[in-house]
Amino acid sequence: MIDNAISSDWATLYAGAAGDVYRRSLLALAQQDARVYCLDSDMGGLETSFAAHLPDQYVDLGIAEANLMTVAAALARMGKLPFVNTMAAFASARAYEQVKIDIAYNNLPVRIVATHSGLSAAHLGPTHHAQQDLAAMRTLPNMTVLIPADAAETAKMIAAAAYLPGPVYIRLGRRATKLVYQCDYDFVIGQAVQLRAGHDVTIVATGAYPVLAALGAHDQLAALGISARVLNIHTLKPLDVEALVAAARETRGLITVEDHSILGGLGGAVAETLSECFPTHIRRIGISDTFCDMVGDHQELVAAYGVTPRHITTVAQELCLLNLPGSWLVAYKV
Amino acid sequence: MNDVQALAQVALRIREHILSIAAGPIGTHAGGSLSAADILTVLYFNVMRLLPNEPEWAQRDYFILSKGHASALLYSTLAERGFFPVEELATYARSGGRLLSHPTRRVPGVEFPTGSLGHGLSLGVGMALAAKRDRRANRTFVLLGDGELQEGSVWEAIMAASNFELDQLIAIVDRNRLQISGHTEYRMRLEPLAERWRSFGWNVLTVDGHDIAALVAAFAELPSQSKQPTVVIANTIKGRGVKFLEDRKKSHYVTLTPDLHRKALSELHRGEKREI
């Protein structure tokens with residue numbers, strides 16, 4: 001009964017898209033700390049959600065993302081805590097040099113909050129998709145890279161990231177997605193969250209649909225007698241190497257699932273890390289090395305690239321067979 | 001320092017340092033350093049509020065070298081002004097030192113690392129905006145190359161500065177009319193330059209960038225009372241002070257042999273006598 005009451009409050013508190021929860025969190029943070037600035041780039045809505053309340057802490061730089069990033073760096077150097085609002089495609093590609101030199105190189109406390117990440121821009125097409133942003137951002141020295149799995153995690157993430165000393169890239173989607181978390185939990189930057197225990201395989205996921213698909217796969221695999229551990233990697237950098245090595249040691253292999261290219265993002269990071277620390281079988285699920293100009297909603301598009309419980313289940317079954325001593329598949333491969 | 005003769009002597013010493021650096025192992029971007037030497041002399045010795053012993057002094061004026069390749073000029077000016085010992089200039093681009101050929105924050109007095117063109121004015125916008133919002137009197141000076149104005153991001157910053165009425169922001173264009181491949185007007189036309197800045201909402205001054213008295217007078221009138229940012233278009237000569245480098249595109253990057261170094265110094269001193 002009490003649990004239900006908490007859950008119901010929780011759902012109300014974190015109703016809506018991650019972006020809406022972020023905007024509420026940002027306003028609350030800025031109301032407590034006058035150094036917090038909201039930098040807009042014609043995103044729409046921030047003039048009412050933020051500027052109407054705190055006009056002196058709001059700056060609209062128009063549709064000019066290169067200038068936006070560099071101005072953010074200079075404001076941070078002057079003691080402000082700027083939250084830069086733009087889309088992932090523009091933050092990670094159009095204005096990448098400004099992020100690299102002015103923000104990351106100077107190690108300044110700028111928070112880049114990038115919406116429309118991965119394929120979440122859906123029907124807007126490849127001009128607005130950002131399937132390379134994680135690869136771009138995690139290779140910048142000093143940068144922390146965060147990806148919430150739902151609206152609740154977004155709120156925790158904003159609070160945790162607000163006072164980190166260096167730059168932070170926070171990757172949001174667009175539309176509301178189902179809540180992954182049903183009740184309160186500990187959020188620590190750099191520490192993966194084990195959403196499900198398991199000892200046969202590990203599904204490592206980041207972002208809303210990948211994590212939801214991983215949880216779905218966990219249940220399907222359980223019905224098949226396979227125990228799948230599910231890790232939510234909300235922090236891509238710094239990566240939780242300990243949790244990954246434990247998964248490599250304790251289960252037969254890892255499957256990475258992301259709303260990003262299979263090159264250079266979560267799959268890349270996990271493969272790089274484990275190939276040095278604890279080589280094991282790894283399968284990467286994400287956007288294959290193609291531009292996505294299919295028409296569909298976000299969930300349909302990621303599903304086309306295998307971000308579904310069913311596909312993850314199939315890959316997990318293969319991994320289990322592959323790694324069984326004396327299994328027919330090993331014999332067949334030899 | 002208000003004495004024009006004394007400022008001219010400082011500018012001469014700064015040019016001597018630039019030539020010594022150009023005679024070092026890897027040379028330097030000498031042409032665009034020599035062209036802006038008088039501008040930086042006037043800024044650092046006459047105009048800007050600063051404390052060389054306290055580079056982060058809260059009431060200082062800010063300076064951004066947007067044309068970061070003129071590092072020989074910036075380092076020479078900072079050393080002459082007392083931010084670090086003049087002797088350290090001999091370590092320019094030498095292994096183990098801190099004087100990279102594009103400035104970094106490891107060097108006292110450098111507010112931001114620069115080198116990739118088109119960033120400096122946006123940095124200036126951010127600094128001037130922070131000062132304005134905090135009601136502080138700090139002024140922000142940004143030195144841009146003229147070729148650099150071909151970068152689109154500069155125009156984003158130009159638009160933003162007038163939009164926010166940043167009257168404490170002063171841009172200076174080192175208008176030497178040469179970029180690596182030749183004359184700016186034959187590579188990517190910039191004229192009518194003053195009109196372009198004015199149409200973007202800036203207060204525009206045009207001065208002879210080698211006339212120290214004129215530079216002092218121009219900066220003395222700033223900031224403008226019009227709520228506008230100001231640009232000082234300083235007409236200069238690339239390689240100024242050394243006849244065989246002046247107004248030549250190959251002066252963009254120069255490595256001087258010992259013989260050429262001597263020749264350059266003697267031309268510099270001959271020119272100095274002629275002018276005084």
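Q: Which residues of α3(B) are buried?
A: In this predicted model, the buried residues of α3(B) are A37(B), D38(B), I39(B), L40(B), T41(B), V42(B), L43(B), Y44(B), F45(B) and V47(B). Each counts as buried because 20 or more other C-beta atoms lie within 10 Å of its own.

Q: Why is helix α3 of chain B called mostly covered?
A: The helix spans residues 37-47, and ten of its eleven residues are buried.

Q: What makes H116(A) buried?
A: H116(A) has 26 other C-beta atoms within 10 Å. The cut-off for a buried residue is 20 or more, so H116(A) is buried.

Q: Why is A93(B) called partly exposed?
A: A93(B) has 16 C-beta neighbours inside 10 Å. A residue is buried at 20 or more and exposed at 12 or fewer, so with 16 neighbours A93(B) counts as partly exposed.

Q: What is noted about the phi of H116(A), and what about that of A93(B)?
A: The phi of H116(A) is positive, about 55°, although this residue is not a glycine. A93(B) is not a glycine either, and its phi is positive at about 60°. These values are worth noting because most residues other than glycine have a negative phi. H116(A) sits in the loop between β4 (111-115) and α7 (133-138) of chain A, while A93(B) belongs to the loop between α4 (71-81) and α5 (120-133) of chain B.

Q: How do you know that the peptide bond from E191(B) to P192(B) is cis?
A: Its omega is about 5°. Such a bond is noted because most peptide bonds are trans. P192(B) is placed in the loop between α7 (184-187) and α8 (193-199) of chain B. In chain A, the bond from K237(A) to P238(A) is also cis, with omega near 0°; P238(A) is in the loop between β10 (235-237) and α10 (241-250) of that chain.

Q: Why are β7 and β12 of chain A said to stand at the edges?
A: The open sheet has five strands in the order β7-β9-β8-β11-β12 (chain A), with mixed pairing. β7 (193-196) and β12 (281-287) each have a single partner strand, so one side of each has no neighbour in the sheet.

Q: What makes β11 and β12 of chain A paired strands?
A: Six bridges join β11 (residues 253-261) to β12(A), and the two run parallel. Pairing takes at least two bridges, so six are enough. Within this pairing, V257(A) has I285(A) as its bridge partner.

Q: What lies across β8, β11 and β12 of chain A?
A: Helix α11 (residues 266-277) does, running at about 145° to β11(A).

Q: How do you know that β1(B) and β2 of chain B pair?
A: Four bridges join them, and they run parallel. The cut-off is at least two bridges, so the two strands pair. L65(B) stands opposite L143(B) in β2(B). From β1 (residues 62-65), Y62(B) and I64(B) point one way, F63(B) and L65(B) point the other way, and all are buried.

Q: Which elements give two or more residues to the side of chain A that touches chain B?
A: Contact involves 19 residues of chain A and 16 residues of chain B. The elements are α4 (65-77) and α6 (96-105) of chain A. The largest share, seven residues, comes from α4(A). By class, that side of chain A has eleven nonpolar, four polar and four charged residues.

Key
Residues numbered from 1 in each chain as written. Chains lettered and ligands numbered in written order. Predicted model: local features only at pLDDT ≥ 70, side-chain atom pairs only at ≥ 80, totals over all residues. Contact = placed C-beta atoms within 7 Å. Nonpolar A, V, L, I, M, F, W, Y, C, P; charged D, E, K, R; others polar. Axes fitted to C-alpha atoms, helices over the stretch in contact; angles between N-to-C directions.
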